[in-house]
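Good morning, everyone. I would like to take a few minutes to walk through one model with you, so please have it open as I speak.

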Amino acid sequence: MNPSTAVRTTCPYCGVGCGVLASVNRNGSTEVSGDPAHPANFGRLCVKGAALGETMDLHGRLLHPALRPTRDSAALQRIGWDEAASRIAGRFSQIIAEHGREAVALYVSGQLLTEDYYVANKFVKGYLGSGNIDTNSRLCMSSAVAAHKRAFGADLVPVCYEDLEQADLIVLVGSNTAWCHPVIYQRIAAARAARPSMKLVVIDPRRTATCEQADLHLPIAPGTDVWLFNGLLAYLRREGRFNFGFLRDHTHGEIETVDAAERSAGNLDEVARVCGLDPQALRDFYRLWADHERVVTAFSQGVNQSSAGVDKANAIINCHLAAGRIGMPGAGPFSITGQPNAMGGREVGGLSNQLAAHLELEDPDHRDLVRGFWGSPEIADKPGHKAVDLFEAIYDGRVKAVWIIATNPVVSLPDADRVRAALKRCEFVVVSEVNRDTDTSDLADVLLPAAAWGEKDGTVTNSERRVSRQRAFLPMPGEARPDWWAISEVAKSMGHAESFSYVSAHEVFVEHARLSGWAQDRAPRMFDLSGLAELDAVSYDRLEPVQWPLRAGQTQGTQRLFEDHRYDTSDGRAHLIPLVPRLPQHRTDSEYPFVLNTGRVRDQWHTMSRTGKAPRLATHMQEPYVEIHPDDAISHGLHEGELARVSTRWGRCTARTRVTDSIPPQQLFIPIHWNGQTAAEARVGAVVNPVVDPLSGEPEFKHTPARIEAR
Ligand code: SF4
């Protein structure tokens with residue numbers, strides 16, 4: 001590859017947000033390599049990113065808008081974009097007229113570019129006047145969002161990747177970083193090689209690949225993280241490690257929070273018992289945390305995907321605030337984002353309870369502010385349904401039309417058979433997709449062909465608040481179009497031509513950045529992209545990766561937040577949150593004695609629609625599998641490689657038995673990737689309980705009571 005002619009873009013998979021150099025060879029094949037100049041990865045790529053060039057063929061692509069003449073019809077009828085847009089506009093308008101604006105919804109994705117996300121939110125919240133837009137980002141990091149808002153007043157990630165390299169202690173909680181965020185793990189490994197005194201602790205029920213580097217692994221009992229971190233808070237207090245000056249000057253809530261922690265977890269041996277840990281190992285962890293000023297506690301889905309996910313994240317943040325280990329190099333709590341643009345979606349109000357520019361949907365002044373900027377006729381005046389509730393509302397007929405964009409909820413949501421049943425009952429289903437055949441598009445009345453990675457332009461924001469460009473280097477095939485364009489066409493058909501007259505992603509981005517500046521003048525907040533609000537098309541095209549906030553007049557972004565110890569609350573102070581631990585909602589019993597945990601594997605992404613195309617990625621894990629401890633395998637008559645059936649109160653799935661002592665007794669683990677197209681009986685979403693965190697609405701993917709038997 002000639003780096004001088006390659007297109008600089010960003011990997012479409014995980015939230016690390018690695019820079020990629022892409023070029024198209026004379027034979028039409030795509031070549032990729034890591035971008036040495038991108039500050040997220042400095043040229044590194046994981047195996048998924050490195051295989052991107054093998055996933056670019058058009059096999060299975062949806063290339064034209066299509067209509068399913070009847071629900072049972074497998075054949076699709078090709079239609080034009082004009083007809084598709086006017087049909088969608090017509091049905092949405094009719095349903096709104098008959099049943100009200102809450103009867104329609106959009107369900108979108110952290111795979112969308114920020115420009116797509118912005119237009120989707122503007123359309124639903126400002127022009128349909130409903131809060132009914134939610135995203136699959138609800139499934140991976142909404143608990144962290146809610147925790148940030150409770151602690152800092154807004155959804156703010158304090159740290160950056162460099163902090164991981166500057167820390168003396170890194171604690172990874174509920175994160176198989178080596179497989180799920182591999183380039184972050186590579187950066188940690190390189191930093192440890194250069195500075196062997198740097199310590200790594202992994203807190204995870206399973207002994208994952210991430211533990212191979214760890215100085216200490218705590219195989220915590222599922223669902224007990226709040227006890228663990230309440231215990232740490234109580235320990236820090238006892239050991240005199242509170243930063244009382246910081247607490248006095250910059251926080252609220254210390255006394256109530258410490259009281260609650262002491263009540264639930266004041267005795268270290270009792271904490272060890274509840275968390276299923278060796279007391280000495282727990283003591284070692286507490287000692288390490290207490291003794292290292294520069295500590296980053298990074299957390300991911302193992303914390304977030306829980307009915308107590310928000311409390312778990314706040315339990316971690318409480319410890320950092322109490323010790324004053326935040327807003328300084330090498331220290332802070334760090335939510336590692338799952339998807340490539342979950343953060344960008346949060347910026348534009350991608351969750352059903354948010355407004356754009358980190359403004360609050362439930363604040364009338366904020367609603368007026370956004371409506372005024374958009375010049376929209378109305379604006380949603382209450383939060384819409386969160387993901388799991390949204391499909392329940394579809395199931396029982398409260399929502400009668402849904403437009404699903406860039407996601408496959410029939411595979412990825414919990415209680416997925418009910419999601420499929422909900423879509424079968426739904427009066428009108430639109431699906432925007434890159435691929436023609438998915439478990440969800442099989443149920444669509446109208447299918448819209450979406451432009452894919454490499455074909456569309458826009459931006460994404462990674463886990464460290466860094467905005468990077470995704471750039472097109474291929475033509476859009478057939479009639480595939482960007483999602484912002486498709487949504488604008490429907491909005492125009494509904495009579496909103498002036499407000500959705502965008503001709504490029506650049507125009508959308510600049511409006512998004514201007515809105516953040518408009519908000520600063522009226523409701524100041526830390527999220528700010530106004531430094532990019534005047535970008536012309538050429539500067540947008542050349543935009544270098546930059547971290548927000550980037551205020552008007554600034555050219556450099558902000559690496560780390562809270563260095564001035566000011567938070568986004570009304571008085572600038574952070575909040576410690578008193579926490580009473582609670583166990584997962586559904587407990588194991590004699591009928592369902594195992595805890596089922598789910599997660600990713602190293603070489604696949606989501607429902608495999610892209611990674612499934614690269615043969616070398618399939619060699620790592622060829623089939624869906626269920627991990628089980630050797631003692632349980634013996635007692636259940638299961639052998640390595642045999643098929644096993646896993647059942648829960650919500651459904652059943654089948655997977656190949658993998659016997660390993662890396663999983664504790666009485667627990668099972670199944671990957672999330674296999675779907676109805678690749679392995680129909682292995683759709684793990686069908687067995688996951690639909691319990692959610694009461695604050696964030698994030699599902700409890702990590703804890704479903706289950707049983708297992710030979711098939
Ligand atoms: Fe892509 Fe994530 Fe791998 Fe980087 S670490 S190459 S963003 S999948």
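Which residues are closest to the ligand? The shell around the ligand holds 14 residues, and the closest of them are Cys11, Cys14, Cys18, Cys46 and Gly49, where a residue is counted as near a molecule if its C-beta atom, placed from the backbone, lies within 6 Å of it. Sorted by class, the shell has nine nonpolar, four polar and one charged residues, with Ala, Val, Leu, Ile, Met, Phe, Trp, Tyr, Cys and Pro taken as nonpolar, Asp, Glu, Lys and Arg as charged, and the others, Gly among them, as polar.

Before going further, a word on what we are looking at. This is a predicted model, in which local features need pLDDT of at least 70 and side-chain atom pairs count only at pLDDT 80 or more, while totals for chains, interfaces and linings use all residues. Residues are numbered from 1 along each chain as its sequence is written. The protein chain has a mean pLDDT of 95, with 99% of its residues at 70 or more, pLDDT being the predictor's confidence in each residue on a scale from 0 to 100. The model scores are ipTM 1.00 and pTM 0.97.

Let me turn to the domains. The protein chain is divided into domain 1 (7-55), domain 2 (66-140 + 343-547), domain 3 (143-336) and domain 4 (594-710), with bounds that come from an automatic or database domain assignment. Why can we say that the ligand lies between domain 1 and domain 3? Both of these domains give residues to the shell around the ligand, so the ligand lies between them. As for domain 2 and domain 3, their centres, taken over C-alpha atoms, are separated by 34 Å. Eleven residues of domain 2 are in contact with ten residues of domain 3, contact meaning that the C-beta atoms of two residues, placed from the backbone, lie within 7 Å. The side of domain 2 that touches domain 3 has four nonpolar, three polar and four charged residues.

In helix 3 (residues 114-128), the 15 residues should span 21 Å at 1.5 Å a residue, and the end C-alpha atoms are 20 Å apart, which agrees; the expected span is 1.5 Å times one less than the number of residues. Helix 3 is mostly covered, with 15 of its 15 residues buried, and just after helix 3 comes Gly129, which takes a positive phi of about 70°. For burial, a residue is buried if 20 or more other C-beta atoms lie within 10 Å of its own, exposed if 12 or fewer, and partly exposed in between, with C-beta atoms placed from the backbone.

Helix 20 (residues 483-493) has ten of its eleven residues buried, so it is largely enclosed by the rest of the structure. Among those buried residues are Trp484, Trp485 and Glu489. The buried residues of helix 20 pack against several elements, including helix 2 (81-99), helix 3, strand 14 (401-405) and helix 21 (505-522). After helix 20 comes Gly495, with a positive phi near 100°.

Some backbone details are worth checking on your own screens. Trp548 and Pro549 are joined by a cis peptide bond, with omega about 0°, and Pro549 sits in the loop between strand 19 (546-547) and strand 20 (574-575). Ala357, a residue other than glycine, has a positive phi near 60°; Ala357 is in the loop between helix 15 (342-347) and helix 16 (364-374), and is buried, with 28 other C-beta atoms within 10 Å. His606, also not a glycine, has a positive phi of about 45°, and is buried with 24 other C-beta atoms within 10 Å.

Finally, is Thr257 buried or exposed? Thr257, which is placed in helix 10 (residues 254-265), is buried, with 24 other C-beta atoms within 10 Å. Not counting residues up to four places away in sequence, Thr257 touches Asn318, Leu576, Ile577 and Pro578. Ser4, by contrast, is exposed, with 6 other C-beta atoms within 10 Å, and lies in the segment before strand 1 (7-10).

How values were computed: Helices (H or I, at least four residues) and strands (E, at least two) are DSSP runs, numbered from the N terminus.
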